[in-house]
Amino acid sequence: MSILFYKKPDYRPNAEGPLNLQKCQKFVQKTKDCRGEIPPDLSFERIISNKALPPCSLQDFIDYLAYVTNDAENLQFYLWLVDYHQRFRNAPPEETTLSPKWNFGDPHSSPRHSGNSGYSAIGGSDKTLSVLGVKDFDAIEEEDISNASLIEDRLGGEQPSPYTATLGTLKFSEIPLAESKPPEGNYRRSNSAQPFRLEINRIITHYIAPGAPRELNLSHKDRATVLYALRRTTHPSAFHPIKKVLDLTLRNQSHPNFVRWSICNGNKPWTIFLRTFAVCNILIGFAVAILLTLSHASRWYRILAALMWWFGITNLIAAYQGLCVLLLRRHTREVRPWEIDEQGRRYGATDEEALRHSKVLYEETKSRWPVKMELFGPPNTWDNQTWMDRYGMQSVFKKTFEKEVPTQEQGLHFMQNRIVRQAEAWALIITIPLTIFFTALPKGNLY
């Protein structure tokens with residue numbers, strides 16, 4: 001692709017209403033049309049397996065979804081689901097046989113063939129299914145979800161030990177279910193002998209049930225069919241509709257948007273300052289050219305204005321892409337507001353501070369993930385986090401000239417360098433005609 005017409009990944013807006021496969025296919029098609037915009041070093045597999053370096057690591061991806069797009073529950077559930085696939089696969093056979101694989105294509109494995117609706121697990125009824133638009137369960141595509149998550153195999157991760165899973169370089173430990181409290185309602189009537197039943201019940205109450213703290217944006221049909229399946233089995237295949245929707249959304253919407261956002265190495269105040277500075281350079285260039293044209297000075301002095309034009313236009317085009325050339329040359333970026341802590345630690349408040357400032361108390365089920373992430377807890381809101389108050393009290397000067405941290409990901413440097421070279425090329429194309437025009441003008445001889 002010509003450097004003059006290179007562009008960073010296009011922004012993918014959120015789909016209106018609940019997600020389904022038809023809406024996700026639009027993201028897939030847009031990704032196919034924009035191949036080559038994201039280098040292999042920043043692929044979804046590398047980021048999700050925590051092989052990409054900051055500011056494109058898995059932690060940065062979670063922070064982006066939490067603080068920028070406000071849909072971190074998609075990635076939180078996705079990481080848990082991949083982990084659950086692997087833990088279920090390595091569980092003792094005598095336990096896994098209690099939870100048979102769920103076949104969505106089986107006409108006898110659907111709510112319309114059972115007196116107890118799968119939606120009744122959250123206090124609903126068979127009538128609720130028709131309200132949710134669940135009519136034809138036979139047409140649902142079947143897929144072996146046990147083999148659907150092959151990230152570990154493709155990346156050559158080590159073989160997980162029992163009840164410990166490996167996703168590339170990530171190691172997930174089983175949630176301490178012994179400390180978990182049984183959820184309220186009709187979930188207690190589920191088969192408690194099935195493996196991971198308490199964990200599945202908690203996942204339902206936190207992510208799948210309507211009104212859950214971290215409710216996934218699912219279609220009514222997908223939600224009802226999954227709840228029905230989980231009422232009868234804890235096999236990972238019961239999550240197939242959710243897994244497919246989340247996989248398509250994260251790969252083809254959230255991931256390109258995250259890479260696009262990561263290219264910006266300055267915060268909003270700095271970008272505004274940079275654009276103003278670039279415009280001032282361009283205006284100074286015109287002032288110099290006009291003053292020299294009206295004077296007795298040699299016309300060749302007017303070439304000095306070209307330096308101001310080229311420098312200003314380069315920075316203006318780069319700033320339009322959210323990129324600061326100076327920070328790029330220094331291989332740094334400004335810290336994000338949520339990364340600032342008064343003690344100088346990254347990622348803001350500690351777990352104890354989060355507990356004290358949270359409206360909804362966490363239960364004793366904190367999982368030990370390799371990133372800062374709470375699987376269970378209140379909604380993914382950050383209105384009460386301490387960094388909000390600290391950042392709000394900062395002066396405009398401090399917000400503009402924020403602390404810098406190094407950028408380590410070479411794939412990101414590749415994309416940023418291409419944008420800067422593009423800006424320099426366009427600046428040169430614009431500067432040359434301007435310089436020729438002013439140089440060709442006769443002297444004004446006014447002073």
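Two residues are in contact here when they have heavy atoms within 4.5 Å of each other, a term that the legends below rely on. The structure is a predicted model in which local features need pLDDT of at least 70 and side-chain atom pairs count only at pLDDT 80 or more, whereas totals for chains, interfaces and linings use all residues. Residues are numbered from 1 along each chain as its sequence is written, and side-chain values use heavy atoms, with hydrogens and water left out.

**View 1. The protein as a whole, as a setting for the close-ups.** The protein has 17 helices and four strands, and buried residues make up 49% of its 447 residues. Of the contacts with a separation of 6 or more, 78% are between residues 24 or more positions apart.

**View 2. The largest nonpolar core, which has 66 residues.** A nonpolar core is a set of buried Ala, Val, Leu, Ile, Met, Phe, Trp, Tyr and Cys residues joined through side-chain atoms within 4.5 Å. In the largest one, the residues with the most contacts inside it are Leu75, Phe77, Trp80, Ile208, Phe239 and Ile242. Helix α4 (residues 72–89) gives the largest share of this core, ten residues. Apart from this core lies another, of seven residues, among them Ile282, Ala305, Ala427 and Phe438.

**View 3. Helix α4 and its packing against helix α3.** Helix α4 has 18 residues and reaches 26 Å from its first C-alpha to its last, close to the 26 Å expected at 1.5 Å a residue, the expected span being 1.5 Å times one less than the number of residues. This helix is mostly covered, with 17 of its 18 residues buried. The axes of α3 (residues 58–67) and α4 come within 7 Å and cross at roughly 140°; axes are lines fitted to C-alpha atoms, for helices over the stretch in contact, and angles run from 0 to 180 degrees between N-to-C directions. The two helices α3 and α4 are therefore oblique to each other, since angles under 35 degrees count as roughly parallel, over 145 as roughly antiparallel, 65 to 115 as roughly perpendicular and the rest as oblique. Leu58, Phe61, Ile62, Leu65 and Ala66 of α3 make the contact with Ala72, Leu75 and Leu79 of α4.

**View 4. Cys24 and Gln25 in helix α1.** Helix α1 spans residues 21–33 and is the place of Cys24, which counts as buried at 0% relative accessibility. Not counting residues up to four places away in sequence, Cys24 touches Val245, Leu248 and Thr249. The C-alpha atoms of Cys24 and Asp247 are separated by 9.3 Å, although the two residues are 223 residues apart along the chain. Gln25 also lies in α1, but at 43% relative accessibility Gln25 counts as partly exposed. Between Gln25 and Thr249, 224 residues apart in sequence, the C-alpha to C-alpha distance is 9.0 Å.

Definitions and conventions: Buried means under 20% relative accessible area, exposed over 50%, partly exposed in between (1.4 Å probe, protein chains only).
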